[in-house]
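Dear colleague,

My notes on what was found in it follow.

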Amino acid sequence: MSARTAVSYRPPRRLALALPLMLAALPAPARASDHLDSPTVIADPRADIGDLYAWMQPDGRRLNLAMTVVGHGFSDRLRYVFRIDSARRFGGADASVEIVCRVPAAERVECSAGGIDAARGDARGEAGLWGERHRLRVFAGLRDDPFYNNVRGTRAAYQVAAAALAAGAPLDAARCARFEPATVRAIAEQWRHTDGGPARNFLAGWTPAALVVQIERKAVDRGGPLLAVWAAVESSERRIDRAGRVLTGNALLGTLDGEEASDRLKERYNAGAPADGAEFAPQIERGLALYDAFDGRCGNALLAASEPARRYRALARLLADDRLWVDSRRRRCQRPFAVELAQAAGRREDRGDCGGRTPLQAAINVYRSLLVDASVDGVSDGLQRDEKTPSVDRFPFLAPADAAGYSP
């Protein structure tokens, strides 16, 4: 299957017919965490955001941002946008800054951060391109993709779950499946391996276009120290794609719908904004029920309520506001989603971390673990690092692309 094709695992027809209420499609992340997820995005990979990263520079003076784009280049007809909301309380947006970049030619980028600073020129060098007021720095070019994912193992794990559901695994009142211990062990075993052997990174050698921005912290924290970041790709007519946390838009929307309905849902999602998230919370709840079943214990996902009808509501609402939160007061950035865990889940141990997501972290395993058993390490696809080592403090952070420009 092409790496540039959206991959959603759709079980054989006999399984789908046996599970009409529970399983018309199981999600399987493909090229990266948010790739080729709607027809409009498929039409132009240069409009497809692969991943979003946001974290504090270790000296605490600057916010680092990176957006990877599936196409191996940028479109001169599109805008690539980082939006940073700042707030005094989690969930708010007391002030906002937009960093809008256009790439009219391969050797020229134009990025503007409101009235704060602007950078125009060739941003392909390792040192990047500084803005006129030296408050903004930009890189735009090919880099190694820091996202790593055992796609085959993940798909095999979902196939085990699909087979168990087809065989009659019961659903509880919240529509979470009660898997037998042998099924749970098989899911975990498949997830950690590739074709029965050591886990392999499906994305090894992938070289997306990368837009990397570093901006002065004081320029983006006017509303408060908590920063909520999301990214978008837009044409002159509309928003085409957007991204926040790893996997939310790709793995939790439309997982129980047919292809046509799923496409319509994701088109609406991509065209919207995090502020519109309430519309998608019920769909996200349905996707969360799938993940909650994978460890054989229903009701132990993050923020799960004891009442079945409300079990996934709090987590769905949290995820529907799809912004990546960073605490700009913190210099240590080791735990993905630490702000969400500290503020929404009350985990004191995460209060000293800036949160967000750095290119070094196995964020996808942390995210899945939170959905399955509320831990940060309960689920693993067997991978803990990329083949190349990115940086959290050396601009432009993402490792150089292979000279051959190989992509799987």
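Why is the disulfide of Cys-101 and Cys-111 right-handed? The torsion about the S-S bond of these two cysteines is about 115°, so the link is right-handed. Please note that this is a predicted model, in which local features need pLDDT of at least 70 and side-chain atom pairs count only at pLDDT 80 or more, while totals for chains, interfaces and linings use all residues. Residues are numbered from 1 along each chain as its sequence is written, and side-chain values use heavy atoms, with hydrogens and water left out.

The disulfides

The structure contains three disulfides, a disulfide being a pair of cysteine sulfur atoms within 2.5 Å. Counting bonded cysteines along the chain, the pattern is 1-2, 3-4, 5-6.

In the disulfide that joins Cys-101 to Cys-111, the S to S distance is 2.1 Å. Because Cys-101 lies in strand S6 (residues 95–105) and Cys-111 in strand S7 (residues 108–113), the pair ties together parts that are 10 residues apart in sequence. Helices (H or I, at least four residues) and strands (E, at least two) are DSSP runs, numbered from the N terminus. Cys-101 counts as buried, at 0% relative accessibility, and Cys-111 is buried with a relative accessible area of 2%. Here buried means under 20% relative accessible area, exposed means over 50%, and partly exposed lies in between (1.4 Å probe, protein chains only).

Cys-176 and Cys-298 also form a disulfide, with their sulfur atoms 2.1 Å apart. The link of Cys-176 and Cys-298 is left-handed, with -85° about the S-S bond. This pair links distant parts of the chain, 122 residues apart: Cys-176 is in the loop between helix H3 (151–166) and helix H4 (181–191), and Cys-298 is in the loop between helix H8 (281–292) and helix H9 (313–320). Both Cys-176 and Cys-298 are buried.

Cys-333 is joined to Cys-354 by a disulfide with an S to S distance of 2.1 Å. The torsion about the S-S bond of Cys-333 and Cys-354 is about 120°, so this disulfide is right-handed. Distant parts of the chain are linked here, 21 residues apart: Cys-333 sits in the loop between strand S16 (324–327) and helix H10 (338–343), and Cys-354 in the loop between H10 and helix H11 (363–373). Cys-333 is buried, with a relative accessible area of 13%, and Cys-354 is buried with a relative accessible area of 0%.

Two packed helices are described by the angle between their axes and the distance between the axes. Axes are lines fitted to C-alpha atoms, for helices over the stretch in contact, and angles run from 0 to 180 degrees between N-to-C directions.

The axes of H8 and H9 come within 8 Å and cross at roughly 120°. H8 and H9 are therefore oblique to each other; angles under 35 degrees count as roughly parallel, over 145 as roughly antiparallel, 65 to 115 as roughly perpendicular and the rest as oblique. On the side of H8, Ala-281, Ile-284, Glu-285 and Leu-288 meet Arg-313, Leu-315, Ala-316, Arg-317, Leu-319 and Ala-320 of H9, where contact means heavy atoms within 4.5 Å. By class, the contact of H8 with H9 has seven nonpolar, no polar and three charged residues. Ala, Val, Leu, Ile, Met, Phe, Trp, Tyr, Cys and Pro count as nonpolar, Asp, Glu, Lys and Arg as charged, and the others, Gly among them, as polar.

H8 also packs with H11, at an angle of about 90° and with the axes 7 Å apart. That makes H8 roughly perpendicular to H11. Leu-288, Tyr-291 and Asp-292 of H8 make the contact with Arg-368, Leu-371 and Val-372 of H11. The residues of this contact divide into four nonpolar, no polar and two charged.

Two individual residues

Ser-262 is found in helix H7 (residues 259–271) and is buried, with a relative accessible area of 5%. Leaving aside residues up to four places away in sequence, Ser-262 touches Leu-253, Gly-254 and Asp-257.

Gln-384 lies in the segment after H11 and is exposed, with a relative accessible area of 53%. Gln-384 and Ala-362 are 22 residues apart in sequence, and their C-alpha atoms are 5.9 Å apart in space. Not counting residues up to four places away in sequence, Gln-384 touches Tyr-148, Ala-362 and Asn-365.
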